Amino acid sequence: MSDEIDAWLAAAGPREGELRRVDALVQAAAPEIDRQLVPAGAGRMLGYGLMPYRPRSAKETTRVPLIALAAQKRYLSLYVCAVVDGQYLPEARAAELGQVSCGKSCIRFTTLDRVDTVALDRLVREAVASTRAGENAYFAG
């Protein structure tokens, strides 16, 4: 683990253990994608699999993570930027994930113990596989 990522995890204080558990789950489900800290508002989050991305309103292409992990004030957020068959994967799989709150690309939870980790592992694997196959519309031009 890079010293920078280790320091970011440690800086989460009481949430460090939960962040490490989620990080381990993502790495186990997607061991081949890169992992690095990326800007997020005034802070940073842990990003996995940087992808070229340009929103319709932007003039330039940037790079955003396929998956990202952040510690919010009251919960952890796992962002999964995958649109398959016209549906955002986190939103489409929300009912399978346990006691979580989901937005289009965001899964929010207070502890991994409240998450169905088998379903979350499957979702991460699906996001990576659909992206690799060119079926992730989130990153389509």
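**Figure 1. Aromatic pairs in the predicted model.** This predicted model holds 4 aromatic pairs. In one of them, the ring centres of Tyr-53 and Phe-139 lie 6.0 Å apart and the ring planes meet at 80°, so the pair is edge-to-face. The pair links distant parts of the chain: Tyr-53 belongs to strand β2 (residues 43–53), whereas Phe-139 sits in the segment after α4 (117–132), 86 residues apart. Phe-139 has a relative accessibility of 15% and therefore counts as buried. Phe-139 also forms an edge-to-face aromatic pair with Tyr-138, with 5.0 Å from centre to centre and 65° between the planes. Tyr-138 is buried, as is Phe-139. Which residues make up the aromatic cluster? Tyr-53, Tyr-88, Tyr-138 and Phe-139 form one cluster.

**Figure 2. Cysteines and the search for disulfides.** A disulfide is a covalent bond between the sulfur atoms of two cysteines. How many disulfides does a search of the whole structure find? The search finds 0. For Cys-81, the closest cysteine sulfur is that of Cys-106, and the distance of 9.5 Å is too far for a bond. Cys-102 also has Cys-106 as the residue with the closest cysteine sulfur, at 7.6 Å, and this too is too far for a bond. A disulfide would need the two sulfur atoms to be within 2.5 Å. Is Cys-81 buried or exposed? Cys-81 counts as buried because its relative accessibility is 10%. Cys-102, at 23% relative accessibility, counts as partly exposed.

**Figure 3. Strand β4 and its two partners.** Strand β4 (residues 76–80) has 4 of its 5 residues buried, so the strand is largely enclosed by the rest of the structure. Strand β3 (residues 62–71) pairs with β4 in the antiparallel sense, over 5 bridges. A hairpin of 4 residues joins β3 to β4. Within this pairing, Ala-70 has Ser-77 of β4 as its bridge partner, and Ile-67 has Val-80 of β4. Strand β4 is also joined to strand β8 (residues 106–109) by 4 bridges, and these two strands run antiparallel. Here the bridge partner of Leu-78 is Ile-107 in β8. In a regular strand the side chains alternate between the two faces of the sheet.

**Figure 4. Strands β2 and β3.** Strands β2 and β3 pair in the antiparallel sense over 7 bridges. Tyr-53 stands opposite Thr-62 in β3. This is the Tyr-53 that also takes part in the aromatic cluster with Tyr-88, Tyr-138 and Phe-139.

**Figure 5. Helix α2 and its buried side.** Helix α2 (residues 16–29) has 14 residues, which at 1.5 Å a residue should span 20 Å; the C-alpha atoms at its ends are 20 Å apart, which agrees. Which residues of α2 are buried? They are Glu-18, Leu-19, Val-22, Asp-23, Leu-25, Val-26 and Ala-29. These residues cover an arc of only 160° around the axis, which means that they lie on the same side of α2.

**Figure 6. The largest nonpolar core.** In soluble globular proteins, nonpolar side chains tend to be buried together. The largest nonpolar core here has 38 residues, and Val-22, Ile-67, Leu-78, Val-80, Phe-109 and Leu-120 touch the most other members. Two or more residues of this core come from each of α1 (3–10), α2, β2, β3, β4, β5 (83–84), β8 and α4. Which element gives the largest share? Helix α4 does, with 6 residues.

**Figure 7. Ile-67 in the core.** Ile-67 has its place in strand β3. Its relative accessibility is 0%, so Ile-67 counts as buried. Ile-67 is among the residues that touch the most other members of the largest nonpolar core, and its bridge partner in β4, Val-80, is also among them. Ile-67 and Thr-117 are 50 residues apart in sequence and 16 Å apart in space, from C-alpha to C-alpha.

Terms used:
Residues are numbered from 1 along each chain as its sequence is written. This is a predicted model: local features need pLDDT of at least 70, side-chain atom pairs count only at pLDDT 80 or more; totals for chains, interfaces and linings use all residues. Side-chain values use heavy atoms; hydrogens and water are left out. Rings of Phe, Tyr and Trp (its six-membered ring) pair if their centres lie within 6.5 Å; planes under 30 degrees apart count as stacked, over 60 as edge-to-face and the rest as tilted. Buried means under 20% relative accessible area, exposed over 50%, partly exposed in between (1.4 Å probe, protein chains only). Two strands pair if DSSP finds at least two bridges between them. The expected span of a helix is 1.5 Å times one less than its number of residues. The arc is that of the directions from the helix axis to the C-beta atoms. A nonpolar core is a set of buried Ala, Val, Leu, Ile, Met, Phe, Trp, Tyr and Cys residues joined through side-chain atoms within 4.5 Å.
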